[in-house]
Amino acid sequence: MDLDQLAALRTPEGSAALAAAERVAGGDPLAAAAALRSAGIPGGLAAAALTQAELRRRAVGKFGAAAAGMFLTRAGLEQATRRAVADRRAARLRAAGVTTLADLGCGLGADALAAARAGIRVYAVEADPVTAAMAAANAEAAGLTDLVTVERGDATAFDATGVDAVFCDPARRRAGTGRRVFDPNAYSPPWDFVTGLAARVPRTVVKVAPGLDHALIPAGAEAEWVSVDGDLVEAALWCGELAEVPRRATLLREKEGPLLNASGSKRGPSYHLTGTGAQEAPVGPVRRFLYDPDPAVVRAHLVAELAADLDATLADPSIAYLYADEARPTPFARCLEITDVLPFSLKRLRALLRERRVGRVEIRKRGSALEPEKLRRDLRLSGDEAAGLALTRVAGDPTVLVCRPVPPGG
């Protein structure tokens, strides 16, 4: 996509091409292209429209119905913040008194639009000309141009002295190749600029990869990990006046059913676990119930805090499975009842499952090198019963826990 193609898609002819592309997208791409050509749509416009239609289909999971009117790139979509996460962040900024925000490296504008929906005036900066143009088009499609100004430029040169807060989502993919960048020093803007923002702007938020090394978290910052329906999606650093606790795990539950918030928009429930991230959970034997913590809890190093809430212990100090005598309702972990504890042996496990007529297993693992799908094949299951398997280590020894789910509520 270049600026000319984007401009063409925003003409009446381009809108018609997009509508035609959306009707045929999702099937055979060659047949879809042929259908558009047969409708008299020029080849270049047809290709651009089909690309947008496909990206919009993928974007529904992140942006909901709003995806239908957005302009997208593959790399931009992959890095863009889910609407539920962006809305939650914007609400927190608004609650902290933020009324003007600089979005440095705004990408396609997902966070800028969320902030604007929360009533925050946003000055968005994006270095890539096509992406900046798309962000502006997305603000127009959302009816938010009075609150969002998009500027093509270098984020490091933006004068942030006139805003209440700064949000920065540094690019974590290499320009031209789209390959992920795992070294923060290779981010764009670079990491030293990103971490230096907090010293210049009292309220700074930085979106980072969930795998961020804790050693890179700036002193005094709050590090938050966010999961949506059990999938770890991002981490953020809340700096300066915005930092409330050292570590936070935020769990969003879209599948539990959306609730209406004060503004009338749909939002699922959320749960927060906080702590220092430096505590260590006690170690003990395997007990009746197994808790598998949400990945946001694990990455935030809050397993010890969860263990205290559940009166639970670890069976191995390096593995984040918790064990307890009681099943207590918690949104922060999946609870299973352990029926059998076996030193790992494929032959013995296969015999036990065959004896119990188990034909379906849900396999989870922590601290095990076994591949779940290979194990599933090797078990040669048959039967009409179901079971859960947890592959782990206990006191350093490879162990399999045979489990059954605990109904919600314990």
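Predicted model: local features only at pLDDT ≥ 70, side-chain atom pairs only at ≥ 80, totals over all residues.

Residues are numbered from 1 along each chain as its sequence is written, and side-chain values use heavy atoms, with hydrogens and water left out.

**Exercise 1.** Find out how much of the chain is buried.

Solution. Start with the length: there are 410 residues. Next, apply the cut-off: buried means under 20% relative accessible area with a 1.4 Å probe, protein chains only. The share that passes is 47%.

**Exercise 2.** Work out the strand order of the 9-stranded open sheet, and explain why one side of E3 and of E11 has no neighbour there.

Solution. First, pick out the strands, which are DSSP runs (E, at least two residues) numbered from the N terminus. Then pair them up: two strands pair if DSSP finds at least two bridges between them. This gives E3-E2-E1-E4-E5-E7-E6-E8-E11, with mixed pairing. Finally, check the edges: E3 (148–152) and E11 (270–275) each have a single partner strand, so one side of each is left without a neighbour in the sheet.

**Exercise 3.** Describe how strands E6 and E7 pair.

Solution. Locate E6 at residues 222–228 and E7 at residues 231–240. Now look at their direction: they run in the antiparallel sense, joined over 7 bridges. For one of the bridges, go to Val228, whose partner in E7 is Asp231.

Note on methods
Buried < 20%, exposed > 50% of the residue type's maximum accessible area, 1.4 Å probe, protein only. Helix = DSSP H or I, 4+ residues; strand = E, 2+ residues; numbered from the N terminus.
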